[in-house]
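I open this notebook to record what I looked up in the structure. The entries run from the whole chain to the contacts between its elements.

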Amino acid sequence: MSSHREKPARLPFVVPLLVLGTFVTVTSEFIIAALLPEVSADLGVSVSPAGLLITAFAA
């Protein structure tokens, strides 16, 4: 048996960036979905066309 301890493997640098990017993207989608009634009222349209705006925003 070896007496030295091996260093734990480190995550590549890109993994935290992917996590952060995913968090920001999902959070922004939930924010606009929560504001859907206010957005539709401001635009003077029903909720359905305003929902299509969220789809366009997500794309």
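How many helices and strands are there in the protein chain? I found three helices and zero strands, where helices (H or I, at least four residues) and strands (E, at least two) are DSSP runs numbered from the N terminus. Along the sequence I read the pattern α-α-α.

**Basis of the entries.** I note that this is a predicted model, in which local features need pLDDT of at least 70 and side-chain atom pairs count only at pLDDT 80 or more, while totals for chains, interfaces and linings use all residues. Residues are numbered from 1 along each chain as its sequence is written, and side-chain values use heavy atoms, with hydrogens and water left out.

**Overall form.** I looked up the radius of gyration, taken over C-alpha atoms, and found 21 Å for the protein chain, whereas a compact globule of 59 residues would have one near 10 Å. The globule rule is 2.2 Å times the number of residues to the power 0.38. Along the principal axes, the C-alpha atoms fill a box of roughly 75 × 15 × 15 Å. Of the 59 residues, 8% are buried (under 20% relative accessible area; exposed is over 50%, partly exposed in between, with a 1.4 Å probe and protein chains only).

**Helix 1 with helix 2.** I found these two helices packed at about 60°, with their axes 5 Å apart. Axes are lines fitted to C-alpha atoms, for helices over the stretch in contact, and angles run from 0 to 180 degrees between N-to-C directions. Helix 1 is therefore oblique to helix 2 (under 35 degrees is roughly parallel, over 145 roughly antiparallel, 65 to 115 roughly perpendicular, and the rest oblique). Ile-32, Ala-33 and Ala-34 of helix 1 meet Leu-36, Pro-37, Glu-38 and Val-39 of helix 2, contact meaning heavy atoms within 4.5 Å.

**Helix 2 with helix 3.** The axes of helix 2 (residues 36-43) and helix 3 (residues 47-58) come within 9 Å and cross at roughly 110°, so the two helices are roughly perpendicular to each other. From helix 2, I list Leu-36, Val-39, Ser-40 and Leu-43 in the contact; from helix 3, Val-47, Ala-50, Gly-51, Leu-53 and Ile-54.

Is Val-26 buried, partly exposed or exposed? Val-26, which lies in helix 1 (residues 14-34), is partly exposed, with a relative accessible area of 39%. I also looked up Val-26 and Ile-54, 28 residues apart along the chain, and found their C-alpha atoms separated by 12 Å.
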